[in-house]
Structure formats: structure tokens, C-alpha cells
Amino acid sequence: RVFMVHSDQGYTNQYMPEQDSIVWFNVNGIPSALGIIAYCFACHDIAFRYYNTLFNPTRYRWILLILLSMGSAMGLSLLLSVPAYLTFGNNVNFNILNNYNIYN
């Protein structure tokens with residue numbers, strides 16, 4: 001559990017999620033998640049243009065480009081999503097900014 005304290009303009013807001021509000025794995029969301037992942041990777045037709053724009057295109061450089069781009073996208077996604085989920089628990093909204101109170 002994560003204890004979050006936010007202080008701004010003299011106001012202090014403290015939030016601690018309930019112990020039972022964190023669900024670590026939910027099988028019901030797998031079909032929609034696979035659909036989103038399949039849609040996100042539908043840009044495979046542009047891959048040939050990326051390969052041709054590489055300086056000295058070799059198989060090693062192409063694999064390195066793919067690993068670095070996918071790894072950085074996954075790392076950035078995890079860097080932003082895991083702390084938000086641990087902060088708000090299972091009550092997190094799709095738009096993370098909607099979880100914050102605008103009056104505090």
C-alpha cells in the first residue's frame with residue numbers, strides 16, 4: 001500500500017487506499033486487453049519504411065530498434081501506471097486526472 005501526501009497552498013491531502021481495494025489479477029479484462037494490444041500493433045505496415053530509413057540497415061540494427069522502442073514504451077507505461085494503481089487501488093478511473101480532487 002502506498003501512502004500519498006500532497007501539500008499545496010497550505011492544504012494537505014492524505015490518501016490511503018483500503019487493503020481490499022487492490023486486485024492484482026483480473027481474468028475478466030483479458031479479452032478487452034488483447035483487443036487493445038492487437039489494435040496498438042496494427043501499424044506493422046509502416047515497419048518497412050522504418051527499416052529503409054535506418055543508416056546501414058542490418059538485421060541487428062533492426063532488432064535493436066524494435067527492442068529499444070518497445071522497451072521504452074513499456075517502461076514509460078509501467079512507470080506511470082503502477083504508482084497510480086498502487087495509489088488509488090481498484091477505484092482508479094480510465095483518466096487518472098479524474099481521481100484527483102480539484103478543490104484540494
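Helices here are DSSP runs of H or I of at least four residues, strands are runs of E of at least two, and both are numbered from the N terminus.

Now the ground rules. This is a predicted model, so local features need pLDDT of at least 70 and side-chain atom pairs count only at pLDDT 80 or more, while totals for chains, interfaces and linings use all residues. Residues are numbered from 1 along each chain as its sequence is written, and side-chain values use heavy atoms, with hydrogens and water left out.

The overall picture, then. The protein has 3 helices and 2 strands. Along the sequence the order is β-β-α-α-α. Of its 104 residues, 9% are buried. Buried means under 20% relative accessible area, exposed means over 50%, and partly exposed is in between (1.4 Å probe, protein chains only).

The accessible surface is about 9,100 Å². Carbon and sulfur atoms hold 64% of that surface. Those areas come from the Shrake-Rupley method with a 1.4 Å probe; for residues, only the protein chains shown count as cover.

Next, contacts, meaning heavy atoms within 4.5 Å. Take those between residues at least 6 apart in sequence: 39% of them join residues at least 24 apart.

Which residues make the nonpolar patch of about 960 Å²? They are Trp 24, Phe 25, Val 27, Ile 30, Leu 34, Ile 37, Phe 41, Ile 66 and Met 70. Helix 1 (30-40) and helix 3 are the elements that give two or more residues to it. Helix 1 gives the most, with 3 residues. A patch takes residues with over 30% relative accessible area and no salt bridge; like charges are joined within 9 Å, and nonpolar side chains (Val, Leu, Ile, Met, Phe, Trp, Tyr) within 5 Å. A salt bridge is a side-chain nitrogen of Lys or Arg within 4 Å of a carboxyl oxygen of Asp or Glu.

Now the loop between helix 2 (47-53) and helix 3. Asn 56 lies there. Asn 56 is not a glycine, yet its phi is positive, about 55°.

That brings us to helix 3, residues 59-88. At 1.5 Å a residue, its 30 residues should span 44 Å, and the end C-alpha atoms are 43 Å apart, which agrees. The expected span is 1.5 Å times one less than the number of residues.

What is buried in helix 3? Ala 84, Thr 87 and Phe 88 are. Thr 87 has 7% relative accessibility, so it counts as buried. The Thr 87 side chain also reaches the backbone oxygen of Pro 83 at 2.6 Å.

Phe 88 is buried too, with a relative accessible area of 7%. Phe 88 and Tyr 100 are 12 residues apart in sequence, and their C-alpha atoms are 9.7 Å apart. After helix 3 comes Gly 89, with a positive phi near 70°.

Note on methods
A polar contact is a pair of N or O atoms within 3.5 Å; within protein, one must be able to donate a hydrogen and the other to accept it, and residues adjacent in sequence count only if both atoms are side-chain atoms.
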